[in-house]
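User: Please examine the following model and answer some questions on its helix packing and its confidence.

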Amino acid sequence: MLGDEGKDRRAWLDIPLPVKELIAGGIAGGVAKTAVAPLERVKILFQTRRAEFQGSGLAGSFRKIFQTEGLLGFYRGNGASVARIIPYAALHYMSYEQYRRWIIHAYPAVNQGPVLDLMAGSISGATAVIFTYPLDLVRTKLAYQVRTSSKLVPVNVDIYKGILDCIEKVFRKNGIRGLYHGIAPSLYGIFPYAGLKFYFYEEMKRRVPVEHKKNVFVNLACGSIAGLLSQTITYPLDVVRRQMQVQALAVPDQIKMRGTLAILISIARTQGWRQLFSGLSINYLKVVPSVAIGFTMYDLMKLRLEVPSRDKAAVARERARMD
């Protein structure tokens, strides 16, 4: 029996490192996203200015959704969200580690500090967005739909029955470009957001005493602050992205614009600069647990999967180079 367990353990340890990082990142992303799904739904409705939710406030919005759609209404679009976040988070975390290793390998003299985390985090964020953006678009379109007591309210737009139905209708109507509508501000936003997120998280962890580095509550605190700071800086681009994604759902007299900067300026002029931060208070409630849970779950999964720490990996690389 012990021999079989030993073989199973060796087989598990033989799994390539990037695959372990993919698994750890995917699980971390799925758990974190599901935990904050209700707040994400309300935030999207605020960002895209659904008339029914303007001035309702946080409590009023929750009450309205529950009355018209029931408990499951809080998770409308969450299937697409989780379907997107699992591959997104898996690619994000794994590519972050991979880009970090590539940079160190290509430039051995590089300082393995916050600038490295900023660079690797930014590039990995863009990589993950490019591969998973269509699912983010679908999630927004599904979350934007609102039910009355009996059925979805049409707003001069196709009614989407689910993830595959939404993808099919968008592709049939606008082709591949339709599935990537609004990706420009996503890329503009993800570069600083992802980079700053890893920058703040890793920098704060470096300042934690060694005996507390594996403490779950310390990791949660570091993740919360990292998410809060990085999201605040880049939030206006997230608002622009959401409004671009739902342009096809807008009322007829709403001006259609293509450029990110044009939409940013128009929102500030016609809706006020406060609209660029619409839903930010809800986003704080979402980001704090989401980023904190994500980073903490990723670190816990790496321990569970016996992924070597970066310090040990660096020592191993140095020994291999010397040999």
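User: In which hand does H2 cross H11, left-handed or right-handed?

Analyst: This is a predicted model, in which local features need pLDDT of at least 70, side-chain atom pairs count only at pLDDT 80 or more, and totals for chains, interfaces and linings use all residues. Residues are numbered from 1 along each chain as its sequence is written, and side-chain values use heavy atoms, with hydrogens and water left out. A crossing is left-handed if the near helix is turned anticlockwise from the far one by less than a right angle, and right-handed if clockwise. The crossing of H2 past H11 is right-handed.

User: At what angle do helix H2 and helix H11 pack?

Analyst: H2 spans residues 17-35 and H11 residues 280-304. Their axes lie 8 Å apart. The angle between them is about 150°.

User: Which helix has the lowest confidence in the protein?

Analyst: The pLDDT, the predictor's confidence in each residue from 0 to 100, averages 78 over the protein. H2 has the highest mean, 92. The lowest mean, 52, belongs to helix H12 (residues 310-322).

User: Is Phe-198 buried or exposed?

Analyst: Phe-198 is located in helix H8 (residues 183-206). Buried means under 20% relative accessible area, exposed over 50%, and partly exposed in between (1.4 Å probe, protein chains only). With a relative accessible area of 1%, Phe-198 is buried.

Technical notes. Axes are lines fitted to C-alpha atoms, for helices over the stretch in contact, and angles run from 0 to 180 degrees between N-to-C directions. Helices (H or I, at least four residues) and strands (E, at least two) are DSSP runs, numbered from the N terminus.
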